[in-house]
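These are my notes from one sitting with this model.

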Amino acid sequence: MDETIEISLDGIDTLILAAPVHEHRHPERFEKFVATHRDALDSGWTPMLSVSLSATFPKAWKRIRQQRND
């Protein structure tokens, strides 16, 4: 099922994107939106906020630190 909707970003110069992260990925619909509107998003200021529940666990922070050092 295709749950995408047509949306116009005409006239929008700032858009804040926010999405959860699970298993190192954003939801597929979010990734599709970003890919579909890439040119429009690149033309303005578009900060992106990613939220990960695993960041609340010490084990996750250890893995993040290890990945930075690799």
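The model is a predicted one.

**Entry 1: H26.** I looked up where H26 sits and found it in the loop between β1 (17-20) and α1 (28-36). Is H26 buried or exposed? Its relative accessibility is 18%, and buried means under 20%, so H26 counts as buried.

I then listed its contacts, leaving aside neighbours within four places in sequence. H26 touches A19, P20, V21, E31, M48 and S50. With S50 I also noted a polar contact, side chain to side chain, at 2.7 Å. I checked H26 against Q67 as well: the two are 41 residues apart in sequence, and their C-alpha atoms are 19 Å apart in space.

**Entry 2: E31.** E31, already noted as a contact of H26, was next. I read a relative accessible area of 26% for E31, so I put it down as partly exposed. How many salt bridges does the whole structure hold? My search of the whole structure returned one. I recorded a salt bridge between the side chains of E31 and R25, at 2.3 Å from N to O.

**Entry 3: α3.** I tested the length of helix α3, residues 58-69. At 1.5 Å a residue, its 12 residues should span 16 Å; I found 17 Å between the end C-alpha atoms, which agrees. I then asked how many of the 12 residues of α3 are buried. The count is one, so by the under 20% cut-off I wrote α3 down as hardly covered.

**Entry 4: the largest pocket.** I took the volume of the largest pocket as about 330 Å³. Its lining is made of 14 residues, and those nearest the centre are E23, H24, S52, S54 and R63. Two elements, β2 (48-51) and α3, each give two or more residues to this lining. Which element gives the most to the lining? I noted α3, with four residues.

Methods. Residues numbered from 1 in each chain as written. Predicted model: local features only at pLDDT ≥ 70, side-chain atom pairs only at ≥ 80, totals over all residues. Heavy atoms only, no water. Buried < 20%, exposed > 50% of the residue type's maximum accessible area, 1.4 Å probe, protein only. Contact = heavy atoms within 4.5 Å. Polar contact = N/O pair within 3.5 Å; in protein donor to acceptor, adjacent residues only side chain to side chain. Expected span 1.5 Å × (residues − 1). Salt bridge = Lys/Arg side-chain N within 4 Å of Asp/Glu carboxyl O. 1 Å grid on protein atoms, 1.4 Å probe; cavity = no way out; pocket = protein on both sides within 12 Å on 5 of 7 lines; lining within 4 Å. Points joined across faces, edges and corners; volume = space filled by probe spheres on them.
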